[in-house]
Amino acid sequence: DPQPPYLNAVVRGTTTCSPHALLTACLRIEADLGRVRPPGRTRAPRLIDIDLLLYDDASIHEPALIVPHPALLERPFVLIPLADVALPNLSHPITRARLTVATPSSTVRPYRP
């Protein structure tokens, strides 16, 4: 199904939660805001989508959690706002690609209220 236009944002924060506890909190917020995950449809249109992109320099590959996010480096709509909030010298934990700069994209427009 096509996804309608959407607002995307990246948040940098500090937490005492484990990566699994943080993901659980994100999924709870999605559900509380009306997110429905149809079985067998991973790319269905959604009201909200909260992804755990990075967790310090961790590399986690488990059935319920993959960090860094597997599509992180392929999505300008993530890389551009990530670069806006990145700490100096932030890099991808596996590829070591710099995450402090992002190539502009015609598909990503800054939000102007």
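The exercises below concern a predicted model.

**Exercise 1. Placing isoleucine 66**

Determine in which strand isoleucine 66 has its place, and whether this residue is buried, partly exposed or exposed.

Solution. 
1. Isoleucine 66 belongs to strand E2, which covers residues 65-67.
2. The class "partly exposed" lies between the limits of under 20% for buried and over 50% for exposed.
3. The relative accessibility of isoleucine 66 is 31%, so the residue counts as partly exposed.
4. Beyond its neighbours within four places in sequence, isoleucine 66 contacts Leu52, Ile60 and His61.

**Exercise 2. The overall fold**

Solution. 
1. Two helices and two strands are present in the chain.
2. The C-alpha trace spans about 40 × 35 × 25 Å along its principal axes.

**Exercise 3. The nonpolar cores**

Identify which residues form the largest nonpolar core.

Solution. 
1. In soluble globular proteins, nonpolar side chains tend to be buried together.
2. Here, buried residues account for 27% of the 113 residues in the chain.
3. The largest nonpolar core consists of eight residues, namely Val10, Leu53, Leu54, Leu72, Val78, Leu79, Leu82 and Leu99.
4. Within this set, valine 78 touches Val10, Leu53 and Leu72, and it also touches Asn8, when residues up to four places away in sequence are not counted.
5. A second, separate core has six residues, among them Leu52, Tyr55, Leu65 and Val67.

**Exercise 4. Backbone exceptions**

Find where the peptide bond is cis, and describe the positive phi of aspartate 56 and of arginine 96.

Solution. 
1. Most residues other than glycine have a negative phi, and most peptide bonds are trans.
2. The bond from valine 67 to proline 68 is cis, with omega near 0 degrees; proline 68 lies in the loop between E2 and helix H2 (76-85).
3. Aspartate 56, although not a glycine, has a positive phi of about 50 degrees. It sits in the loop between helix H1 (19-32) and strand E1 (60-62), and its relative accessible area of 69% makes it exposed.
4. Arginine 96, also not a glycine, has a positive phi of about 65 degrees. It lies in the segment after H2 and, at 47% relative accessibility, is partly exposed.

Terms used:
Residues numbered from 1 in each chain as written. Predicted model: local features only at pLDDT ≥ 70, side-chain atom pairs only at ≥ 80, totals over all residues. Heavy atoms only, no water. Helix = DSSP H or I, 4+ residues; strand = E, 2+ residues; numbered from the N terminus. Buried < 20%, exposed > 50% of the residue type's maximum accessible area, 1.4 Å probe, protein only. Contact = heavy atoms within 4.5 Å. Core = buried A, V, L, I, M, F, W, Y, C linked by side-chain atoms within 4.5 Å.
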